[in-house]
Amino acid sequence: MKRAGRGDEVEEDARVFHRIRRRAKEESEAQRQFAELHARLQGRVPPGFGVPAPEPEPAVVDDFLPPELRVPSHDQVDGKMMPWKQPLVFDGEMAACAECGAYRDWLILSTRGEIWLRCRAGHQERETRIDTAWYNRNSGPADATFATFEDCLRHLRH
């Protein structure tokens, strides 16, 4: 087996460095060509590029629901009410009407952050143990809207 001598190593090193110099020269030539091209194209804009697009016309779309199916928003109604047939129990105490003693078949009214209980006899009293969050958790979706309080009472058969 023949060992490579010092002369062989020198030749190999010369070839490697020659390759490195050749690649560096090719790369610098490519960089120079790119720089020239960049300088020539500086300030030029391709057709249609950078030109602001015309503003699209806003689409005219009919509302999703016809007017007879739209529900008023919360700020358009004076209050909401729901029937509550079973007794109301708060902190172990059953709610009862102060005037007639009724303890079931309530209407619970929510208006401007206040909750009111109305018994079947038509007596109303403010209930401070219920808040609007409780009302919202326990009430279902509205099934109708009415122009007057009396219309709503008739609808709920009170």
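The legends below describe close-up views of a predicted model.

Local features are reported where pLDDT is at least 70, side-chain atom pairs count only at pLDDT 80 or more, and totals for chains, interfaces and linings use all residues. Residues are numbered from 1 along each chain as its sequence is written, and side-chain values use heavy atoms, with hydrogens and water left out.

**View A. Salt bridge between Asp 105 and Lys 85**. A salt bridge is a side-chain nitrogen of Lys or Arg within 4 Å of a carboxyl oxygen of Asp or Glu. The structure holds nine of these salt bridges. In the pair shown here, the closest N and O atoms of Asp 105 and Lys 85 are 3.3 Å apart. Asp 105 lies in the loop between β3 (93-94) and β4 (106-111), and Lys 85 in the loop between β1 (80-84) and β2 (89-90), so the contact ties together parts that are 20 residues apart in sequence. Strands (E, at least two residues) and helices (H or I, at least four) are DSSP runs, numbered from the N terminus. Asp 105 counts as buried at 15% relative accessibility, whereas Lys 85, at 48%, counts as partly exposed. Buried means under 20% relative accessible area, exposed over 50%, and partly exposed in between (1.4 Å probe, protein chains only).

**View B. Salt bridge between Arg 120 and Asp 105**. The closest N and O atoms of Arg 120 and Asp 105 are 2.8 Å apart. This pair links distant parts of the chain, with Arg 120 in the loop between β5 (114-118) and β6 (124-126) and Asp 105 in the loop between β3 and β4, 15 residues apart. Arg 120 is partly exposed, with a relative accessible area of 39%.

View C. Glu 127 is buried, with 5% relative accessible area, while Arg 129 is partly exposed at 35%. Side chains of opposite charge can pair when their charged atoms come close.

**View D. Antiparallel pairing of β5 with β4 and with β6**. Two strands pair if DSSP finds at least two bridges between them. β4 and β5 pair in the antiparallel sense over five bridges, and Thr 111 has Glu 114 in β5 as its bridge partner. The hairpin of β4 and β5 has two residues between the strands, and Arg 112 takes a positive phi near 50° in this hairpin. β5 and β6 are also antiparallel, pairing over three bridges. Leu 117 stands opposite Glu 125 in β6. Five residues lie between β5 and β6 in their hairpin, where Gly 122 in the turn has a positive phi of about 95°.

**View E. Cys 97 and Cys 100**. A disulfide is a pair of cysteine sulfur atoms within 2.5 Å. By this rule the count comes to zero disulfides. Cys 97 is in no disulfide, and its nearest cysteine sulfur, that of Cys 100, is 3.6 Å away. Cys 100 is likewise in no disulfide. Cys 97 counts as buried at 6% relative accessibility, and Cys 100 is partly exposed at 40%.
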